[in-house]
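Hello,

Here is the structure I said I would pass on. Please look at it first, then read the notes below it.

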Amino acid sequence: FGWIGGITALVYNLPQIYHIFKTKKTEDLSLMSWLIRIFSYVMYLIHVWIKNDTALFFTNLFVFVQVIAITILIVVHRSSCKKKKENELQIAYV
């Protein structure tokens, strides 16, 4: 059950990662929500490490990496989107 749950957790982030790469948009994602998610995975990883549950540790470690990747994409695409909007505003005023 641990492996099945962990693999399912790995799969549910893939559509979000694909969507961000495809659209380059992250405005509808909450950065605060993702930061809380990162914190929860860190706590969960510590717990499964202490409990010595190999299945949950490794699958959740990969999920943690996915969540970190999504968080980086949120920050990168939001900053590039902000710059693009600023350039559009400057062009509109000229």
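The largest nonpolar core has 17 residues, and among these Trp-34, Val-67 and Ile-70 touch the most other members. At least two residues of this core come from each of helix 1 (2-23), helix 2 (31-50) and helix 3 (54-93). Helix 3 gives the largest share, 8 residues. Keep in mind that this is a predicted model.

Which residues does Ile-70 contact, leaving aside its neighbours within four places in sequence? They are Asn-13, Gln-16, Ile-17, Ile-20 and Trp-34.

Next, helix 1. Gly-6, Ala-9, Asn-13, Ile-17 and Ile-20 are its buried residues to look at.

With 22 residues at 1.5 Å a residue, helix 1 should span 32 Å, and its end C-alpha atoms are 33 Å apart, which agrees. Just after helix 1, Lys-24 has a positive phi of about 60°.

Last, Thr-71, which lies in helix 3. Is Thr-71 buried or exposed? Thr-71 has a relative accessible area of 9%, so it counts as buried, the cut-off being under 20%. Leaving aside neighbours within four places in sequence, Thr-71 is in contact with Leu-31, Trp-34, Leu-35 and Ile-38.

Regards

Notes. Residues numbered from 1 in each chain as written. Predicted model: local features only at pLDDT ≥ 70, side-chain atom pairs only at ≥ 80, totals over all residues. Heavy atoms only, no water. Core = buried A, V, L, I, M, F, W, Y, C linked by side-chain atoms within 4.5 Å. Buried < 20%, exposed > 50% of the residue type's maximum accessible area, 1.4 Å probe, protein only. Helix = DSSP H or I, 4+ residues; strand = E, 2+ residues; numbered from the N terminus. Contact = heavy atoms within 4.5 Å. Expected span 1.5 Å × (residues − 1).
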